[in-house]
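Keep the coordinates open while reading.

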Amino acid sequence: MKTSISIESSFSAAHRLLGYPGNCSNIHGHTYRVIMRLSVNHEELEFVTNELGIMVDFKTMKNFLQNWLNINFDHAILLNSKDHKLIDFCKQEGPKTFVFFACNPTAENIAKIIFKNIKQEFTLLQSIRVYESPITYAEVSNA
Ligand SMILES: [Zn+2]
């Protein structure tokens, strides 16, 4: 048995997928929803909760995730490192750009990057789920 706590944040960004045979190869935007979940096994729960019965304060989780998303992804252009034309253009124009190394900025890869970075701060991190639309998401998890 596990106990989990989750919070939700969001960010807006533009991206395009190189080599995609359809509309996603055009520059377009999403308001991404991000669900961050921390989990602990039932046997360990008493060791990670404080005297108030709180694992990690929701406010602490929300502030950290939203701050990380604001700095790195919010109102940025998310690009594949092979998208040279657009990277050059963005550097000239000066918009905020996040370059993905050797991969497309898909929901899967966005979730992976968020997971790796948030895991450094929250050891109980179980999963990061990234919604690209109300009905489509990618999730990266420990198991
Ligand atoms: Zn898209």
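From the N terminus on, the elements run β-β-α-α-β-α-β-α-β-β. That makes four helices and six strands. Helices (H or I, at least four residues) and strands (E, at least two) are DSSP runs, numbered from the N terminus.

This is a predicted model: local features need pLDDT of at least 70, side-chain atom pairs count only at pLDDT 80 or more, and totals for chains, interfaces and linings use all residues. Residues are numbered from 1 along each chain as its sequence is written. The protein averages a pLDDT of 93, and 99% of the residues score at least 70. Here pLDDT is the predictor's confidence in each residue, from 0 to 100. Among the elements, strand 4 (residues 97-100) has the lowest mean pLDDT, 81. Strand 6 (residues 136-141) has the highest, 98.

The C-alpha trace spans about 55 × 30 × 25 Å along its principal axes. Two residues are in contact if their C-beta atoms, placed from the backbone, lie within 7 Å. Among contacts between residues at least 6 apart in sequence, 58% join residues at least 24 apart.

Six strands form an open sheet in the order 4-3-1-2-5-6, with mixed pairing. Strand 4 and strand 6 stand at the edges with a single partner strand each, so one side of each has no neighbour in the sheet. Neighbouring strands are turned by 35 degrees against each other on average, direction ignored. Two strands pair if DSSP finds at least two bridges between them. Two of the pairs are set out below.

| Pair | Sense | Bridges | Facing residues |
|---|---|---|---|
| Strand 1 and strand 3 | parallel | three bridges | Ala13 and Ala76 |

A hairpin joins strand 5 to strand 6 through two residues.

**Helices against the sheet**

Helix 2 lies across strand 1, strand 2 and strand 4, and runs at about 20 degrees to strand 1. Helix 4 packs on the sheet too, touching strand 2, strand 4, strand 5 and strand 6. Its direction makes about 150 degrees with that of strand 5. Axes are lines fitted to C-alpha atoms, for helices over the stretch in contact, and angles run from 0 to 180 degrees between N-to-C directions.

Helix 4 has 15 residues and reaches 22 Å from its first C-alpha to its last. That is close to the 21 Å expected at 1.5 Å a residue. The expected span is 1.5 Å times one less than the number of residues.

Which residues of helix 4 are buried? They are Ala107, Ile110, Ala111, Ile113, Ile114 and Phe115. A residue is buried if 20 or more other C-beta atoms lie within 10 Å of its own, exposed if 12 or fewer, and partly exposed in between, with C-beta atoms placed from the backbone. The cover over these residues includes strand 2, strand 5 and strand 6.

Helix 3 (residues 84-93) is another case: of its 10 residues the number buried is zero, so it lies largely in the open. Gly94 follows helix 3 and has a positive phi, near 85 degrees.

**The core**

Of the 143 residues of the protein, 22% count as buried. The largest nonpolar core has 25 residues. Such a core is a set of buried Ala, Val, Leu, Ile, Met, Phe, Trp, Tyr and Cys residues joined through C-beta atoms within 7 Å. Those with the most contacts inside it are Tyr32, Val34, Ile110, Ala111, Ile114, Ile128 and Val130. The elements giving two or more residues to this core are strand 1 (2-15), strand 2 (28-41), helix 2 (58-72), strand 3 (76-80), helix 4 (107-121) and strand 5 (125-133). Helix 4 gives the most, with six residues.

Tyr32 touches Ser10, Phe11, Ala13, Ile110, Val130, Tyr131 and Glu132, not counting residues up to four places away in sequence.

**Loop residues**

His75 is found in the loop between helix 2 and strand 3. Most residues other than glycine have a negative phi. His75 is not a glycine, yet its phi is positive, about 55 degrees. With 12 C-beta neighbours inside 10 Å, His75 counts as exposed.

Tyr20 sits in the loop between strand 1 and strand 2. Tyr20 is exposed, with 12 other C-beta atoms within 10 Å. The C-alpha atoms of Tyr20 and Glu44 are separated by 45 Å, and the two residues are 24 residues apart along the chain.
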